[in-house]
Amino acid sequence: MSLIKSLSQRDRVFDFMAPAESPVDVRHGPILYMEDVTVSFDGFKAINDLSLTVDDGELRCIIGPNGAGKTTMMDIITGKTRPDQGQVWFGTRHNLLTMNEPEIATLGIGRKFQKPTVFEALSVFENLELAMTADKRVLPTLFARLDGPARERIDEVLEMTGLAEQRRRPAGVLSHGQKQWLEIGMLLMQRPRLLLVDEPVAGMTEQEMERTAELLTGLAGKQSVVVVEHDMGFVRSIARKVTVLHQGSVLAEGSMDEVQNDPRVIEVYLGESEEAA
Amino acid sequence: MWLTQPFNERSTQLFLGVLLAAMTLVTLLHLVVPAGHPLHVNAYTVNLFGKYLSYALLAVAVDLVWGYLGILSLGHGAFFALGGYAMGMYLMRQIGDRGVYGHPELPDFMVFLNWESLPWYWQGFDMAWFAFIMVLLAPGALALVFGFLAFRSRVTGVYLSIITQALTFALMLAFFRNEMGFGGNNGLTDFRDILGYNLRSDATRLGLFLATGVALAVGYVVCRAIVGSKLGRVCVATRDAEARTRFIGYRVERFQLFVFVVSAMLAGLAGALYVPQVGIINPSEFSPIFSIEIVLWVALGGRATLYGAVIGAILVNYAKTVFTGVMPDAWLFALGAMFVLVTVFLPKGVAGLLAYRFKRRRNDADAQEVTP
């Protein structure tokens, strides 16, 4: 029956004639929507009934003590870890739990890992060129030529990341901070809608932190950014909205001031962190 | 166009200029300067230079995979020898009924082994075009199968080096066997003509020398075009951070396979040009030691430069000719000493000495490329 029905359906005869689906539907506001997500490893609940919503164009900071589930949360969003229950949606159209890692990456979720990995023998420009969205099969790559828009895109990202003057230098000679920016730049070349950034300022100098803060706040609006960070000073300098994770679920959410004055937060996290700082 | 891109690079222009000048000079000194004059280059020496040039092409092929892709192949002698055997089979068929036994079709060694007819895999080699295609196809096919299995299983580093050694060793043992139909221990020899020209005449030797020079130039330009393309940058990225390259969306094993096959074909071409110049191909070309020696040439000349591989191959083989003439026993010590000295004092090889200048030139070229 269903076969006959599908054959008699005249509005969609051929798949290739169907209109291309617009990648991400954010008409309802949120770009990332997590509801009641739970993951346990050998009985230990790394994520426990976590619900989190990130709006399109928002810059969100996630803080929390070690073991609060920050990295596991990133793993779930990028498809590396499957939750035991709950829902994760990208926009209102894409159920991330039904997709694998490459599909999620192609959809526009970029992730920056803690340790920067760039191609040291290649120049900054070439690093960005390789990361650019393109036909990445062998022969198209062999005959690939940089066209005007691609060049402009690379220049734009070089400008954004403050690496314009380093464009011809090998990535291997960059400072630690510059490598981090280059890696963020490489993610930006893929025009992600949502950028997940894991501890971007670990090991950075004060000036480098300031530059990183400028970079990340500059990105917000154009794309949504989720930053996981330990450094409270840094979080204060960039965050409009902060989410505090504790034992796998959201403990508090709000502006930095609200969160800082929340007695539960002070108890589990900020208090001791302030003393340490 | 893609293949003409390298001609815009100063280093390629310089390389091709030097090669062309050397080829012209040798030709003139051979043809114009009368024999007996101290500057005269005799046919033997022309032949020797031709041999060096085919080694140089082989070294370029190895540098392509080792220098840019990070795959240390210790089995490239196998591809070289396969190309050589394909050419040798053609040359054997060219002998026709002029062999010792005078059989119109069978090569001498088959008559000697009492074979009745030509094995199927010898069919077609009487036609030059077929043989010349097989020169590229046979090593290419071996590299395709071997590379597909190795790269798909993500075998890299020292393990890959070891299995490439095993590959060439296995082929050596196989080709030693008479039943294989490739002349066993003695290999293929007693060649007479190539494309109707007598192989022993001076003119043919000069022609082969020049053909090898042209093949080296073409091989060099092809490699440069690959290395200078986006694919070349993906290769370098793979060499330095394979997982990361995979992560940004490149199917690394396919890139490795493509470059490996191209390299094997170039090595086969080098072998095909080598065989008519030395007049013999036998299983010793498959020996693991030879494949290691090629890597030494590249290391001495300077890895990941291509022209360094050419310099290294010519330098080491010239030294080998001199040493084995003067003090045959001392050659291996000299080779070892050269390798140690270069590793200690010139870690980037002979090409490293020139690198500073070329680097500036390359940056200029890039500047032109980026701001058209």
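Reader: How many helices and strands are there in chain A?

Author: Chain A has eleven helices and ten strands, where helices (H or I, at least four residues) and strands (E, at least two) are DSSP runs numbered from the N terminus. This is a predicted model, in which local features need pLDDT of at least 70 and side-chain atom pairs count only at pLDDT 80 or more, while totals for chains, interfaces and linings use all residues. Residues are numbered from 1 along each chain as its sequence is written, chains are lettered from A and ligands numbered from 1 in the order in which they are written, and side-chain values use heavy atoms, with hydrogens and water left out.

Reader: Why is α2 of chain A described as largely enclosed?

Author: Helix α2 of chain A (residues 70-77) is largely enclosed by the rest of the structure because seven of its eight residues are buried. The buried residues of α2(A) are Lys70(A), Thr72(A), Met73(A), Met74(A), Asp75(A), Ile76(A) and Ile77(A). After α2(A) comes Gly79(A), with a positive phi near 90°.

Reader: Which residues have a positive phi although they are not glycine?

Author: Among them are Glu199(A), with a phi of about 40°, and Gln247(A), with a phi of about 50°. For background, most residues other than glycine have a negative phi. Glu199(A) sits in the loop between β7 (194-198) and α8 (206-219) of chain A, and Gln247(A) in the loop between β9 (241-246) and β10 (249-254) of chain A.

Reader: Are those two buried or exposed?

Author: Glu199(A) is buried, at a relative accessible area of 14%, whereas Gln247(A) is exposed, at 56%.

Reader: Switching to Leu188(A), where is it and what is it in contact with?

Author: Leu188(A) belongs to helix α7 of chain A and is buried, with a relative accessible area of 0%. Leaving aside neighbours within four places in sequence, Leu188(A) is in contact with Arg153(A), Val157(A), Met160(A), Leu195(A), Leu219(A) and Gln223(A).

Reader: What about the second largest pocket, what is its volume and what lines it?

Author: The second largest pocket has a volume of about 750 Å³. On a 1 Å grid over the protein atoms alone, a pocket is an open set of points where a 1.4 Å probe fits, with protein on both sides within 12 Å along at least five of seven lines, and lining residues have an atom within 4 Å of a point. Grid points are joined across faces, edges and corners, and the volume is the space filled by probe spheres set on the points. Its lining has 25 residues, with Pro102(A), Ala105(A), Thr106(A), Gln190(A) and Phe247(B) nearest the centre. The elements giving two or more residues to that lining are α3 (101-107), β6 (109-112) and α7 (176-188) of chain A together with α9 (242-247) of chain B.

Reader: Which element gives the most to that lining?

Author: That is α3(A), with six residues. By class, the lining of the second largest pocket has eleven nonpolar, seven polar and seven charged residues; Ala, Val, Leu, Ile, Met, Phe, Trp, Tyr, Cys and Pro count as nonpolar, Asp, Glu, Lys and Arg as charged, and the others, Gly among them, as polar.

Reader: Now chain B: where is Pro139(B), and what does it touch?

Author: Pro139(B) is in helix α5 (residues 128-152) of chain B and is buried, with a relative accessible area of 0%. Not counting residues up to four places away in sequence, Pro139(B) touches Phe79(B), Leu82(B), Gly83(B), Met134(B), Ala264(B) and Gly268(B).

Notes: Buried means under 20% relative accessible area, exposed over 50%, partly exposed in between (1.4 Å probe, protein chains only). Contact means heavy atoms within 4.5 Å.
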